[in-house]
Amino acid sequence: MTTDVWLPFAPEEIPGLPSAADHGLTYRFWDGGDTFPADPADCAFYVVPYLKGAEIAVRPLAGMARAEVVQTLSAGVDHVQAGMGSLHPGVRLCNARSVHEASTAELTLALILASLRGIPRFVEGQRQEEWRSGFYPALADKTVLIVGYGSIGSAIEDRLTPFECARVLRVARSARGTERGPVHPLAELPSLLPEADVVVLSTPLTEATRGLADAEFLARMRDGALLVNVARGPVVDTKALLAEVESGRLTAALDVTDPEPLPAGHPLWHAPGVLISPHVGGSTSAFLPRAKRLLARQLTHWTAGEPLDNVVYTTA
């Protein structure tokens, strides 16, 4: 009987993988194709194909009777977690912390700056050969509220630092201290929203965060504030957001939407003050080298019987 490791990259393309011969492993390449590379029952370490959707991600799980580890290449695990119930107790689900922080934080700053400084208006003006000068909001002297202060939220603040913001407010599930200042618990979010000029959502999608930015949340944001979503689309109530942006009270920059992909004809496409990017927070040249380093590190820990990084859930 073999002990299989399923990888979404060819094993020879991942420097530093443990030797298959030394550890009795067989590396199998599967990137979500119709045909499995081998019997899922022989797979002990499953690396989920990246950006292939929940249906593909969970398809082999029911047959993975010997699974020990399910490793995503995304920061979020919501697309996989529903399928973990078919596995036996003790299977560890790990996310891709350390892979996406830089890219997602870069895009967050790009969305904030583009929205505040009117870049979409300038692009359209260039197409129309119109010189659209005037005064535009700066990020300097603004208060930014980061909702979801994990590794990505912290990386966003790293990149905010040179822009001379008045304040950065931080919210996570529970309170804690950092070198930069306090992280407020989610329970304090309603009182913090009116203080922010820019609200950044970088939370995982959980039952607690689904629909978090609902009509009440948005109503608490100050007039003229910018909502930036680099989390998951369902963290925001789309209908409530549309009501606010169509009234002109709020603006939004969205790397993720609900529904997603956003279908043709959806009112978000043409809503005033809305900038949309197509869920590309982690899809940059930084992804592959970081993802491959993570896999080599995790498999080295696993074969040595050492604790794994980034364990977010263990089946009961």
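Predicted model: local features only at pLDDT ≥ 70, side-chain atom pairs only at ≥ 80, totals over all residues.
Colleague: Which element gives the largest share of the largest nonpolar core?
Modeller: That core has 32 residues. Several elements give two or more residues to it, including strand 6, strand 7, helix 8 and strand 12. The largest share is 4 residues, and it comes from helix 9.

Colleague: What covers the buried residues of helix 9?
Modeller: The buried residues of this helix are Thr 238, Ala 240, Leu 241, Leu 242, Glu 244 and Val 245. Their cover includes helix 8, strand 11, strand 12 and strand 13.

Colleague: Which residue just after helix 9 takes a positive phi?
Modeller: Look at both ends of the helix. At its start, a side-chain oxygen of Asp 237 comes within 3.1 Å of the backbone nitrogen of Lys 239. Just after the helix, phi is about 85° at Gly 248.

Colleague: Is Arg 170 buried or exposed?
Modeller: Arg 170 sits in strand 7. Its contacts beyond its sequence neighbours include Leu 145, Tyr 149, Glu 157 and His 184. Its relative accessible area is 6%, and buried means under 20%, so Arg 170 is buried.

Colleague: Which residues are linked with Arg 170 in a network of salt bridges?
Modeller: Start with another partner of the Arg 170 side chain. One of its polar atoms lies 3.2 Å from the backbone oxygen of Pro 182. The salt-bridge network links Arg 170 with Glu 157, Asp 158 and Arg 180.

Colleague: How many residues apart in sequence are the parts that Lys 52 and Asp 31 tie together?
Modeller: Lys 52 forms a salt bridge with Asp 31, with the closest N and O atoms 3.0 Å apart. Lys 52 is in the loop between strand 3 and helix 2, while Asp 31 is in the loop between strand 2 and strand 3. The pair therefore ties together parts whose separation in sequence is 21 residues.

Colleague: Where do Arg 249 and Asp 223 lie?
Modeller: These two form a salt bridge, with their closest N and O atoms 2.9 Å apart. The pair links distant parts of the chain, 26 residues apart. Arg 249 is in the loop between helix 9 and strand 12, and Asp 223 is in the loop between helix 8 and strand 11.

Definitions and conventions
Residues numbered from 1 in each chain as written. Heavy atoms only, no water. Core = buried A, V, L, I, M, F, W, Y, C linked by side-chain atoms within 4.5 Å. Buried < 20%, exposed > 50% of the residue type's maximum accessible area, 1.4 Å probe, protein only. Contact = heavy atoms within 4.5 Å. Polar contact = N/O pair within 3.5 Å; in protein donor to acceptor, adjacent residues only side chain to side chain. Salt bridge = Lys/Arg side-chain N within 4 Å of Asp/Glu carboxyl O. Lists of a residue's contacts leave out its neighbours within four places in sequence.
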